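Subject: Structure for your review

Dear colleague,

Please find below the sequence and structure that I am handing over to you. My findings follow directly after them.

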Amino acid sequence: MKAMFNPRRTVQALGLAAGLALSSVAANAWADAPVLMSPQWASEACTAWNNTPELTNGLKGEFMHDDKGRGYKLVEMYRTDCGKDTVVELKLQLQNDKAMCVYGGAPTLKPNFDVDFLMHANTKQWEEMGKGEYGPMKAMMFGRLEFQGPKMVAMRAMDPFSSFLLLVGKVPGSTATCPK
């Protein structure tokens, strides 16, 4: 018996093939994403920082000038459920009247928490903050985000700080494992 051409089956087969191809591309893209809060992720977060005017312009004032004369500020962060030994660092400097990230990766400098910041939260909370489900005020008030550093400086920079938390949602990061 001779097989007959069936346009409906052809369209279904093409749709299935396209769906499989797209899911494969998405899976490969996710597999290529760095681990959330790994040194590689921090490097990408540094780039994202520099492309976020709410951070580069919003933090150029008191936030950046409160540095004990060092010429830089550090923001350290980690996923609490992965442990403090997985801390990553963003080094910020004032350049061309903007708060620019000049380094993101494994810690290279000793922070001074009179002027620098350390933040940590469980992976689930980082993801929620990255999606904008709640901002820094709620996160700190309800203990979802632990914070060390000059609290008054942070309070006066709450709007830009909200943009900082959204970086977790802007920079893809796998949460399947902890950073190494």
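**The sheet and its pairing**

L92 stands opposite C101 in β3. Strands β2 and β3 run antiparallel and are joined by seven bridges; two strands are taken to pair if DSSP finds at least two bridges between them. The elements named here are DSSP runs numbered from the N terminus, helices being H or I of at least four residues and strands being E of at least two.

Two remarks on the source are in order. This is a predicted model, in which local features need pLDDT of at least 70 and side-chain atom pairs count only at pLDDT 80 or more, while totals for chains, interfaces and linings use all residues. Residues are numbered from 1 along each chain as its sequence is written, and side-chain values use heavy atoms, with hydrogens and water left out.

The strands β2 and β3 form a hairpin with two residues between them. Within that turn, N96 has a positive phi of about 50°. D97, in the loop between β2 and β3, likewise has a positive phi, of about 60°, although it is not a glycine. For context, most residues other than glycine have a negative phi. D97 is partly exposed because its relative accessible area is 48% (buried means under 20%, exposed over 50%, and partly exposed in between, with a 1.4 Å probe and protein chains only).

Strand β2 (residues 88-95) and β1 pair in the antiparallel sense over five bridges, and V75 stands opposite L90 in β2. Strand β4 (residues 117-121) pairs with β5 in the antiparallel sense over three bridges, where Q148 in β5 is the bridge partner of L118.

Taken as a whole, the five strands make an open sheet in the order β3-β2-β1-β4-β5, with mixed pairing. Its edge strands are β3 (98-105) and β5 (146-148), each of which pairs on one side only. The twist averages 20° from one strand to the next. Helix α5 (residues 123-130) packs on the sheet and touches β1 (73-79) and β4, a contact being heavy atoms within 4.5 Å. The direction of α5 makes about 105° with that of β4; axes are lines fitted to C-alpha atoms, for helices over the stretch in contact, and angles run from 0 to 180 degrees between N-to-C directions.

**The chain overall**

The chain holds eight helices and five strands. From the N terminus on, the elements run α-α-α-α-β-β-β-β-α-α-β-α-α. Of its 180 residues, 41% count as buried. Among contacts between residues at least 6 apart in sequence, 70% join residues at least 24 apart. The chain exposes about 10,100 Å², of which carbon and sulfur atoms supply 57%; accessible areas come from the Shrake-Rupley method with a 1.4 Å probe, and for residues only the protein chains shown count as cover.

**Selected residues in the helices**

M37 is found in the loop between α1 (7-32) and α2. M37 has a positive phi of about 70° although it is not a glycine, and it counts as buried because its relative accessibility is 0%. In helix α2 (residues 39-50) lies T47, which counts as partly exposed at 48% relative accessibility. T47 and M100 are 53 residues apart in sequence and 9.2 Å apart in space, C-alpha to C-alpha.

Helix α6 contains both A139 and M141. A139 is buried, with a relative accessible area of 0%, whereas M141 is exposed, at 60%. Leaving aside residues up to four places away in sequence, A139 touches M129, Y134, R144 and L145. A139 and E128 are eleven residues apart in sequence and 9.7 Å apart in space, C-alpha to C-alpha.

S163 lies in helix α8 (residues 158-170). S163 counts as buried because its relative accessibility is 11%. Not counting residues up to four places away in sequence, S163 touches T52, E54 and L55.

With kind regards
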